[in-house]
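Look at the chain and its metal site together before reading on. The paragraphs below go through one part after another.

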Amino acid sequence: MINIDNYIQAMPKAELHVHIEGSIEPELLFTIAERNQIQLPYETADDILASQNVGKTNPKQNLQSFIECLDISRGVLRTAQDYEQIAYGYIRRCRDENIVYAEIIFDPQQGMRQGVELNALLGGLFAGSKAGSQEFGIEVQWIMNFQRDWPLQDALNILHAARPYRDQIVGIGLDNPEHRDFPKDFAPLFTAAREDGYRLTSHCDVNIPNSLEHIKDCINILGVERIDHGVNSIEDDKVVLQLIEKGIPLTACPTRYAFQSTTSIDDLEMMKGLLDQGVIISLNSDDPAQFGSGWLSQTLIEAQQAGNFSLETMTKFMRNGFSSAWIPADRKATYLAQFDKTHQSLMMEGE
Ligand SMILES: [Zn+2]
């Protein structure tokens, strides 16, 4: 019998829902803050974790308190060098996680409000990912996310300014606090991005007021090709059918933080329910250095244990990561063949 933790660790993985600003490890955070002469409200890595844990016992407070912590972390970013280091840091980490393919989300608005020019921010990210990809042999693409609690025009201006970098950014998305009826406000952004050839996604966070309506509007108004989280779709059979028929995958994130909340098991049941019904749903780390959730392998191992998922279920979740990737069909087939081959050889070893 194969050990399921070893299996999860050893399998080649794709990660499609990870925020670069949420992947900054404490040591790098302190380095960047010191270089930029920014006083953090933390002295040690333990202080960071303690602060992230505030408010997590109340599920309604989770998203807001999490974003407050994230704002402190991403608040240190000031220069191209900072962005280069955080990109490189995540990709180095991919090697340890056996992540062979990653689509990484970045959020230009926060950095730009802190005075970083878009050219410097993008130049830093791309330099870091180029160096990391070459050194560790990991394929990386970037997704530019906009903040849905900030004005549409702000997002449109950045989309326009990023045009020279179009071929280095695969898609766009929306994140940050989820305000009521946000999809309606951002329809012009998605129309413009579609015309520029970007792939389209949006966060639809879990158990937000109006969650289901937001999922429907993201599909029908914004024309998203993928949804980040979106697991409340299980509450409506018609939405589940629409996801399957249109081939819209979900990138779910079963963080440890979610396990501690009262809704934790429900979240995992929703993910498994969607998988069983045929939705292409993968499991991802989201903000691996922010939730104290651990990196992808740890997140998957904890989800497996908390949900009591079989090895077959975990294989499906992990395989879906590659199936949901924004890459040409032949590249996807190559990754899936590698995945299946590793699966078979691990199974034979375990016999
Ligand atoms: Zn996210």
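Apart from neighbours within four places in sequence, I172 is in contact with I143, M144, N145, F146, L159, L189, F190, A193, Y198, R199, L200 and T201. This is a predicted model, and I172 belongs to its largest nonpolar core, a set of 97 residues. Together with Y90 and M144, I172 is among the residues with the most contacts inside that core. Nonpolar side chains in soluble globular proteins tend to be buried together.

The metal site comes next. Which protein residues are donors of the zinc ion? They are H17, H19 and H203, each through NE2, and D286 through OD, at distances of 2.1 to 2.3 Å from the ion. Along the sequence these donor residues follow the spacing H-x1-H-x183-H-x82-D. The site links distant parts of the chain: H17 sits in strand β1 (residues 13-19) and H203 in strand β5 (residues 199-204), 186 residues apart. The arrangement is irregular because the angles subtended by the four donor atoms run from 82 to 174°. A tetrahedral assignment would require all angles to lie between 85 and 135 degrees. H17 has a relative accessible area of 0%, so this residue is buried. H203, at 4% relative accessibility, also counts as buried.

Strand β8 (residues 281-283) contains S282. Is S282 buried or exposed? With a relative accessible area of 2%, S282 is buried. Its side chain joins that of N284 in a polar contact of 3.1 Å. Leaving out residues up to four places away in sequence, S282 touches L16, L250, T251, A252, F317, N320 and G321. One of these, L16, lies within the residue range of strand β1, 13-19.

The cysteines remain. A disulfide is a covalent bond between the sulfur atoms of two cysteines. How many disulfides does a search of the whole structure find? The search finds zero. C69 is in no disulfide, and the nearest cysteine sulfur, belonging to C253, is 17 Å away. C69 counts as buried, since its relative accessibility is 6%. C204 is likewise in no disulfide, with the nearest cysteine sulfur, that of C218, 3.7 Å away. A disulfide would require the two sulfur atoms to be within 2.5 Å. C204 counts as buried at 1% relative accessibility.

Methods:
Residues numbered from 1 in each chain as written. Predicted model: local features only at pLDDT ≥ 70, side-chain atom pairs only at ≥ 80, totals over all residues. Heavy atoms only, no water. Core = buried A, V, L, I, M, F, W, Y, C linked by side-chain atoms within 4.5 Å. Buried < 20%, exposed > 50% of the residue type's maximum accessible area, 1.4 Å probe, protein only. Contact = heavy atoms within 4.5 Å. Donors = N, O, S within 2.8 Å, 3.2 Å for Na, K, Ca; no water. Tetrahedral: all angles 85-135°; square planar, octahedral: opposite > 155°, others 65-115°. Helix = DSSP H or I, 4+ residues; strand = E, 2+ residues; numbered from the N terminus. Polar contact = N/O pair within 3.5 Å; in protein donor to acceptor, adjacent residues only side chain to side chain.
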